Amino acid sequence: MAAPEETLRRRKAGNSGPEPDTPPESGRDPTGCPARLRTGTFWLTRIVLLRALAFIYFVAFLVALHQNKQLIGDRGLLPCRAYLESVRRYFQGRGGWEAVSYAPTVLWLLDWSRMNANLDALALLGLGVSSFVLVTGCANMVLMATLWVLYMSLVNVGQIWYSFGWESQLLETGFLGIFLCPLWTLSRLPTGTPPSQIVLWGFRWLIFRIMLGAGLIKIRGDQCWRDLTCMDFHYETQPVPNPMAYLLHQSPWWAHRFETLSNHFLELVVPFFIFLGRRLCILHGALQILFQVVLVISGNLSFLNWLTMVPSVACFDDAALGFLFPSGPGGLKDRVRKMQEEAARGTRPTLRYGCMVRQAVHVALGILVAWLSVPVVLNLLSPAQVMNTSFNSLRIVNTYGAFGSITKERTEVILQGTASPNASAPDAVWEDYGFKCKPDLRAQRVDHSPGREAPGQRQGGSVPTGLQPFQGQGPPQVGPGRALQVQVQPPGGPACCGRQVVGPEEDRPLLPPTQPARPGGLLPVPGLAAPGAGVEPVPGQCAEE
């Protein structure tokens, strides 16, 4: 009877744990828990970065597809063909390269008689490439360079419509994204081309300059940033406040002071966390992304905020971003873990000629970014700091900043038109043009017809915001703009009860009542070209973002 008891003891001992030579289950540590990714690698970081950048490109090209024909098309407000012709005339006699280098765009190579089709082709091609990268997470230098060239081609002929800081910021971000990928390979994990530390530091240097530039321009700018009162006005006077901004505007004074102090901390102190080790670098990325999410919720500059999140992703390594990927065997996370284990055992890939060339290109990129950063750093250190400026036509390294000054009063611009054959007749009926996302103030206002001092009550009642009053009536005559001074109403006020976020205070003409005749009835807007005419500069006129 001893033999069965001895067998049972051996069976129990065998169930106590694996034999010494038995390997642990794949993807798990000796305790049976899922194996964690090691720190210091950026395979998953590259995937997240490329997809985030592709998403921003997709939105940018989608906007271009819907708006470019009206803005810079054949019959747009500022036709890009007229702009390119003026550039070519200016550089006449000095060769074509000067003109191309002044305004780099592939439109120089296309047929200008079909400019609308050219603009649509650029936007559609950009949509297709960015969609592929966004869905698959695969990219190479050819695809990312294509996106960069396409968008640069639009920006450099977009004139005032593409003159905001986020255009240059997207081009700089996209330029760095080119060097994050292999040359030809389309794989989410191209084992022969690990993410370059130089490129990752390029992204970190970008987010550092964006945030520090925004913080410095505020401290050197409006006095309200120094006495902590800017947030008393910002929610009301920012471009197109959203419903959450309306609620935040009603916060007590101490909450606005805390918001301003937090803004200074995030823009002047947190950026230096990048240089203080892995944990503080990750903290920097998390705080900046959270900051941009708050700005998205409280305002309408969402494109800029989402774009600013992209370089912040470079602050995270694979171990920090592993939670975004499934842990199943054979997945991306499991493959990265195996690559880390091979590297820990000392297994290194064979150094090939292509790898050496790639490393040389990355070193050259680092030197180029450092060289182009010299004027940017000097601008950051200068008391006369400027914001949202490019120092080269390719917009590779730029200077940034936002809200250096805060508008204390909000003004709504109203455009009116009439279908009456005689616009100066006393019985001419003037109607407001509606614009999407703008508050509808017409039900609360008594209008004065353009060009006449006698007040006239609006006829026909209010028109829903976004609708045009002259559809199917032929081309109307457009009158001069009007400015309506408005103020946010407190909760429960008459404007709020009428589903309005603002109430009128003062209605005044934006332009003198008498205007010279203009071709096609266009408004004499500064910098706006009438059909067949050139752009008319306005002395002393400047725009601040």
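User: Is Asn156 buried or exposed in this model?
Analyst: This is a predicted model, in which local features need pLDDT of at least 70, side-chain atom pairs count only at pLDDT 80 or more, and totals for chains, interfaces and linings use all residues. Residues are numbered from 1 along each chain as its sequence is written, and side-chain values use heavy atoms, with hydrogens and water left out. Buried means under 20% relative accessible area, exposed over 50%, and partly exposed in between (1.4 Å probe, protein chains only). Because its relative accessibility is 6%, Asn156 counts as buried.

User: Which residues does Asn156 touch, not counting residues up to four places away in sequence?
Analyst: Contact means heavy atoms within 4.5 Å. With residues up to four places away in sequence not counted, Asn156 touches Tyr83, Ala103, Pro104, Ser393 and Arg395.

User: Are the rings of Trp201 and Phe275 stacked or edge-to-face?
Analyst: Rings of Phe, Tyr and Trp (its six-membered ring) pair if their centres lie within 6.5 Å; planes under 30 degrees apart count as stacked, over 60 as edge-to-face and the rest as tilted. The count by this rule is 14 aromatic pairs. For Trp201 and Phe275 the centres are 6.0 Å apart and the planes lie at 10°, so the pair is stacked.

User: Which residue has its charged end over the ring of Trp201?
Analyst: A charge sits over a ring if NZ of Lys or CZ of Arg is within 6 Å of the ring centre and within 35 degrees of the ring normal. At 4.7 Å from the centre of the Trp201 ring sits the charged end of Arg204.
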